[in-house]
Amino acid sequence: MKKYSIYLMITAVLYIFSSCQEDYGYRVEVPVSDITLASPEKNAEIDLNEMSIDEYTFSWNETIEGGTTLVLSGSDVLLDPVYFKAGEAKSYSIKAELLDQITSGFGIENGKTGTIYWAVKPTDHIGIAALEIRPLNVKRLISRLLLPENQKPVALDGDRPALPVSFAWDTEGEDPATAYSIVFSNNNEMTGEVVTYNVGAVNSAGITNSQLQDVFIKYSSHPFKSMRLYWNIKKTEENEYLSRSSSSIEVNPMMIYKDVRGDEEITYKVAKISYRDGRVQYWLAENLRTRKYPDGSDIEEANYMFAPSNRYTEEQVKAFGGYYRPNPSMFQKLPAAGWRVPTITECRELYEEALAQEGTYNVLRDPVFYNYEPTQSDPKVNKWKLGLVTAGQQQGEDKSITNTTFSYMMATGIGENTHRAAMLDHFAIWEVWAVGANVRLIYDK
């Protein structure tokens, strides 16, 4: 009897289990947007090289509370999408240049045609599925700008300002008599104020290092740090660009400073000093040789002198520069905007940093005008391009020059907030009194 009871119990359990199977079934419901698409049509063709079209509009049929968002992707399931919030509108327009950048990010090569996908979703529920995802065939821009290559680094040479940088472009299909201009801007859209050089009916031309430096100075926020400049070719008479998209160059500027003080204009070399702790300073790489304050007024004759031309060559007089008296009120006015006189601490740090280099102090010294024999034969001489010279100091009221075996420069922080000279001999730095000494400046903007 017990045996039959066990059979009955097992049968009952199986019956109950089978009768309850439907209760344990699952039904998955995926939330889907109810926004339908209008245009472009499915598999529409877009050629971004069509110059008559500046932007492309995506539209849909519904708007909802909270707004809608246009979704672009290189995947038919909208992986790694790009979003554009459209608000309450039922359309959104994208500039051809931006659409080209987006398709580039989706892996479509320059000038090639590839498929992207678009959809529209509620902004407040961007994670739900799209009701419709449409493919769109897009041909990327073909650049007619040939040289320099896009994003090519261009290092400007202050010693060869007339050296040309070659620019070339494709004129196939254009009237041979068409005149062109090379146009530069600080933005990819070539908007705002631009710099234009007319080059005539040619398909290549050279822009000098000096001209590119002028363009750089116009747009740069820092005169010695590299920046990206954009360029395009314009048909001069038609006033339209040859290429839909601009190209760019990474410009490393000339390490020079053009110091304009009234009717006086002097161009100085500049040295970039990189310290081991990561700091960077920009120093004048020549002794200051101005006779004027930045506002164009004359410096008082009692406050400066130059090496006498009857005792020194013209090259020496230029290299030695001016000898300026330690007059605190004068030194407050002497540096141009963005520049300042170095502190005695900075002079010491400069020497200490040089000492740690291969070649030690010789990395600071001019190969011609630093009067110390071991300097002349050291291949590391002037490696930092700072060009220190042994110009000596003004000594006495008769404006004579002495100690031309040593290098002097004015510094702040010596004594009671007054300017005194830091004397750099062949192996150390000293704080000294001087009636007049040379001036180097540090860019501090």
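Over the ring of which residue does the charged end of arginine 291 sit? I looked this up before anything else. The ring belongs to phenylalanine 306, and the charged end of arginine 291 is 4.0 Å from the ring centre. I note here that the model is predicted.

I then looked at lysine 234. Its charged end sits over the ring of tyrosine 241, at 4.7 Å from the centre of that ring.

**Entry: the chain as a whole**

I listed the secondary structure and got seven helices and 29 strands for the chain. I took the radius of gyration next: 36 Å, well over the 22 Å that the globule rule gives for 445 residues, so the chain is more spread out than a compact globule. For the extent along the principal axes I noted a C-alpha trace of about 130 × 85 × 45 Å.

I also checked burial, and 45% of the 445 residues count as buried. The accessible surface of the chain is about 23800 Å², and carbon and sulfur atoms hold 50% of that surface. For contacts with a separation of 6 or more, I found that 61% come from residues 24 or more positions apart.

**Entry: aromatic pairs**

How many aromatic pairs are there? I counted pairs by ring centres within 6.5 Å, and the count comes to 15.

I opened the pair of tryptophan 169 and tyrosine 180. The ring centres are 6.1 Å apart and the planes stand at 65 degrees, which makes this pair edge-to-face. Tryptophan 169 is in strand 11 (residues 164–169) and tyrosine 180 is in strand 12 (residues 180–185), so this pair ties together parts that are 11 residues apart in sequence.

I went on to phenylalanine 224 and tyrosine 443. Their ring centres lie 5.4 Å apart with the planes at 85 degrees; planes over 60 degrees apart count as edge-to-face, so this pair is edge-to-face. Which parts of the chain does the pair tie together? Phenylalanine 224 is in the loop between helix 3 (209–219) and strand 15 (227–235), while tyrosine 443 is in strand 29 (residues 442–443), so the parts tied together are 219 residues apart in sequence. Phenylalanine 224 and tyrosine 443 are both buried.

**Entry: aromatic cluster**

Which residues share one aromatic cluster with Phe224 and Tyr443? I wrote down Tyr257, Tyr282 and Trp339 as the other members of that cluster.

Definitions and conventions
Residues are numbered from 1 along each chain as its sequence is written. This is a predicted model: local features need pLDDT of at least 70, side-chain atom pairs count only at pLDDT 80 or more; totals for chains, interfaces and linings use all residues. Side-chain values use heavy atoms; hydrogens and water are left out. Rings of Phe, Tyr and Trp (its six-membered ring) pair if their centres lie within 6.5 Å; planes under 30 degrees apart count as stacked, over 60 as edge-to-face and the rest as tilted. Helices (H or I, at least four residues) and strands (E, at least two) are DSSP runs, numbered from the N terminus. Buried means under 20% relative accessible area, exposed over 50%, partly exposed in between (1.4 Å probe, protein chains only). A charge sits over a ring if NZ of Lys or CZ of Arg is within 6 Å of the ring centre and within 35 degrees of the ring normal. The radius of gyration is taken over C-alpha atoms; the globule rule is 2.2 Å times the number of residues to the power 0.38. Contact means heavy atoms within 4.5 Å. Accessible areas come from the Shrake-Rupley method with a 1.4 Å probe; for residues, only the protein chains shown count as cover.
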